[in-house]
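Here is a short report for a first look at this structure. Keep the 3D view open while reading.

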Amino acid sequence: LAKSPQIRERFISSMAPSIYGMWHVKTAIALSIMGGQPKQAAGKHRIRGDINTLIVGDPGLAKSQFLKYVEQTFPRAVYTTGKGASGVGLTAAVTRDENGHFCLEGGAMVLADDGICLIDEFDKMNDQDRTSLHEAMEQQSISISKAGIVATLQARCAVVAVANPIEGRYDQQRTFSQNVNLSDPILSRFDLMCVLRDEADPLQDEMLASHVVCSHIRSHPDANPEEKTKKPKTNKTSHLNPISQDMLKKYIVYARQRVFPKMTDVDSEKLASFYSELRAEAFRTGGAPMTARHMDSLIRLAEANARIELRHHVNSRDIDNAIAVMLESFIQSQKHQVAEELRKKFRRYLAQGPLADQFMAILDHLFKETSIKAQLASKDVELEEIPVEMTEVIREIEQAELKMQDATAFMQSSRFLQYFRVEGEKLYRVM
């Protein structure tokens, strides 16, 4: 399985297949499940290998659904909610047994040792409870001194947390820390942050509705074989063949037990220059805090990328993927106008990925803008009948600094012909 081309994309698209789109969140969760490699530095200092993820977004975007999916798929996961989790419930408690003696009981983080701790409604926790997470998330141990018991418990788990914005909806005109009621020390302990926004997009909404309807038809207890294989309208990742869920579980267990990627002769210059540029931007724009911890995060993400492909060595493509995921998570946490500037500035680092994906993104963006304009101008207009001028397409491709011969080759590919048709100097979408 690992030798098949595009295994990384197939692995990510197999995450929570019942949820439509949300590629960035699926990537973050796939990397959290795989995790990096813990290390013992000189002087017995332990560097964690687990990847912590924070998901923030508008209501109704399947955030808790992702957590429930990880709980079902991952062999060792503990699910808890912020309101129902006191500091003691997450870390450890000293209780009296039936004989009146004091005894120590582990909380959710201790039970999830060597696994994943899933925390829903992360923003609803008390500040005192959240302070108990500081040590658990970075040093991955929990120290207790209560009732004459002094002990240290192991809590080597990744944390995937979900939070809602303060006002209920995420406001793009504010920075990330103004939107979320979380302190900087906690935010800096998360390797990845995903911001989900509920934006109106006629085409995406139609695809989503079709996906949900098909999902209901397929999952009905009395569905016949024909209904069980019903496919929604074509979506972007339909050219990828997802891995079945049973196979996925075995793949995850195998990768975590047998594969331990090493950093050897990688391009450390590239990592260092990216980190210093990103830090300068973080201080200038005031988005999510960037600290030295994020340098460790980059290395962990690169190792997790190598682990997805069951490789024992980290190569330059893993570094590029890690940088792209980190950059995407940083850009999402910025104000809207700053985010657009950053995308242009850091374009050379962004997931260059397969060229086909870049061209698809450009065409999707153009069709989205034209369809919104057309629908504002006249009420009833079919999405199939909205054209995009070829001159606009060429202009966008030149702005993205892509080559024209690559664009021509893409326009002859089966993937292009599946979604678009060309008539004269105009481009139409095939629904």
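At what angle do helix α3 and helix α11 pack, and how far apart are their axes? The angle is about 70 degrees, and the axes lie 10 Å apart. The model behind these values is predicted.

## Two packed helices

Two packed helices are described by the angle between their axes and the distance between the axes. Here the pair is helix α3, residues 63–73, and helix α11, residues 245–258. Angles from 65 to 115 degrees count as roughly perpendicular. The two helices pack at about 70 degrees, so α3 and α11 are roughly perpendicular to each other.

Which residues meet? From α3 come Tyr-69, Gln-72 and Thr-73. From α11 come Gln-245, Leu-248, Lys-249 and Ile-252. By type, the residues of this contact divide into three nonpolar, three polar and one charged.

## An enclosed strand

Strand β11 covers residues 192–196. Is it enclosed or open? Five of its five residues are buried, so β11 is largely enclosed by the rest of the structure. Buried means under 20% relative accessible area. Both faces of β11 are covered. Leu-192, Cys-194 and Leu-196 are buried on one side, and Met-193 and Val-195 are buried on the other.

Strand β11 also has a partner. It pairs with strand β3, residues 53–57, in the parallel sense. Five bridges join β3 and β11. Gly-57 stands opposite Leu-196 of β11.

Strands of a sheet pair through backbone hydrogen bonds, either parallel or antiparallel.

Look at β13 and β14 (residues 426–429). They pair over four bridges in the antiparallel sense. Val-422 has Leu-427 in β14 as its bridge partner.

## Two loop residues with positive phi

Glu-121 is not a glycine, yet its phi is positive, near 50 degrees. It sits in the loop between β7 (116–120) and α6 (127–138). Its relative accessibility is 27%, so Glu-121 counts as partly exposed.

Leu-310 is not a glycine and has a positive phi of about 55 degrees. Its loop runs between α13 (293–308) and α14 (316–332). With a relative accessible area of 22%, Leu-310 is partly exposed.

Conventions. Residues are numbered from 1 along each chain as its sequence is written. This is a predicted model: local features need pLDDT of at least 70, side-chain atom pairs count only at pLDDT 80 or more; totals for chains, interfaces and linings use all residues. Side-chain values use heavy atoms; hydrogens and water are left out. Buried means under 20% relative accessible area, exposed over 50%, partly exposed in between (1.4 Å probe, protein chains only). Two strands pair if DSSP finds at least two bridges between them. Axes are lines fitted to C-alpha atoms, for helices over the stretch in contact, and angles run from 0 to 180 degrees between N-to-C directions. Angles under 35 degrees count as roughly parallel, over 145 as roughly antiparallel, 65 to 115 as roughly perpendicular and the rest as oblique. Contact means heavy atoms within 4.5 Å. Ala, Val, Leu, Ile, Met, Phe, Trp, Tyr, Cys and Pro count as nonpolar, Asp, Glu, Lys and Arg as charged, and the others, Gly among them, as polar.
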